[in-house]
Structures are given as structure tokens and as C-alpha cells.
Amino acid sequence: MRKMVIGLLVAVLVLHFTPMLYAKTPADKLVRGLGNVASGMLEIPQTMGEEWKASNNAAVGCIVGAAKGTVQALVRTFSGVWDLLTFPVALPKDYEPLYTPDYVFDQK
């Protein structure tokens, strides 16, 4: 009986604290900001590749992808700077990113 009570207590504690592991924190925001400032310019080749695959044309992929990628790189880098400057504050709500996905190579 005692082992069963201890087992149930452990299970309740594990299930209670599990959601906290996925919560956004100031440290998450700081790391995201550093990552986005350091890798923001990688949006350009990333977007060029995506456009190339979507259009099946290398010229279109390079030209359109470079233009879109440049805009996305600037937005991602600005978002990273914002995260670095405001990481202790929950802006926006719950430390969510200004620009999604969180990092360059996350699925869009």
C-alpha cells in the first residue's frame, strides 16, 4: 500500500510539473534573440532554396528568393534585437516571438 501511495504521489508531481518544462522564459527569449541576430542573414539562402523548389526555375528562385529573403532577414534580425533588449520583460505576452518560426531553419 505504501509503495502504491508513493508511486501515485510521484506520478502526480511529474504530471503537475511537466507543463512548466515547455513554458517560455526570459532565458528562452534571450537565446532566441542571440540566435536570430547571429543567423538572421541565413534567411536569404533559405528563402532562395524554397522559391527555387516552388517555381522549379533557378533564375526565379534566385531573384525572387533573394528579394524575399532580404526582407525576412531584416525582420528576423530586428526581432532578435528586440528579444535581446527586452528579454527580462514578457513583451509580447508570455515571451512569444515577434516573428515566427522562432529560428531560421524551423519549419514554416
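With which residue does Glu51 form a salt bridge? Its partner is Lys68, the closest N and O atoms being 2.9 Å apart; a salt bridge is a side-chain nitrogen of Lys or Arg within 4 Å of a carboxyl oxygen of Asp or Glu. This is a predicted model, in which local features need pLDDT of at least 70 and side-chain atom pairs count only at pLDDT 80 or more, while totals for chains, interfaces and linings use all residues. Residues are numbered from 1 along each chain as its sequence is written, and side-chain values use heavy atoms, with hydrogens and water left out.

**Salt bridges**
- The structure holds 4 salt bridges.
- One of them joins Asp83 and Arg32, with 2.9 Å between the closest N and O atoms. This pair links distant parts of the chain, Asp83 in helix α4 and Arg32 in helix α2 (residues 26-39), 51 residues apart; helices are DSSP runs (H or I, at least four residues), numbered from the N terminus.
- Arg76 and Glu43 meet through their side chains in a salt bridge of 2.6 Å, N to O. Arg76 belongs to helix α4 and Glu43 to helix α3, 33 residues apart.

**Burial**
- Asp83 is buried at 0% relative accessible area, and Arg32 is buried at 1%; buried means under 20%, exposed over 50%, and partly exposed in between (1.4 Å probe, protein chains only).
- Glu51 counts as buried at 17%, whereas Lys68 is partly exposed at 42%.

**Helix positions**
- Thr47 lies in helix α3 (residues 43-55) and is buried, with a relative accessible area of 2%.
- Leu85 is found in helix α4 (residues 58-86) and is exposed, with a relative accessible area of 68%.

How values were computed:
Helices (H or I, at least four residues) and strands (E, at least two) are DSSP runs, numbered from the N terminus.
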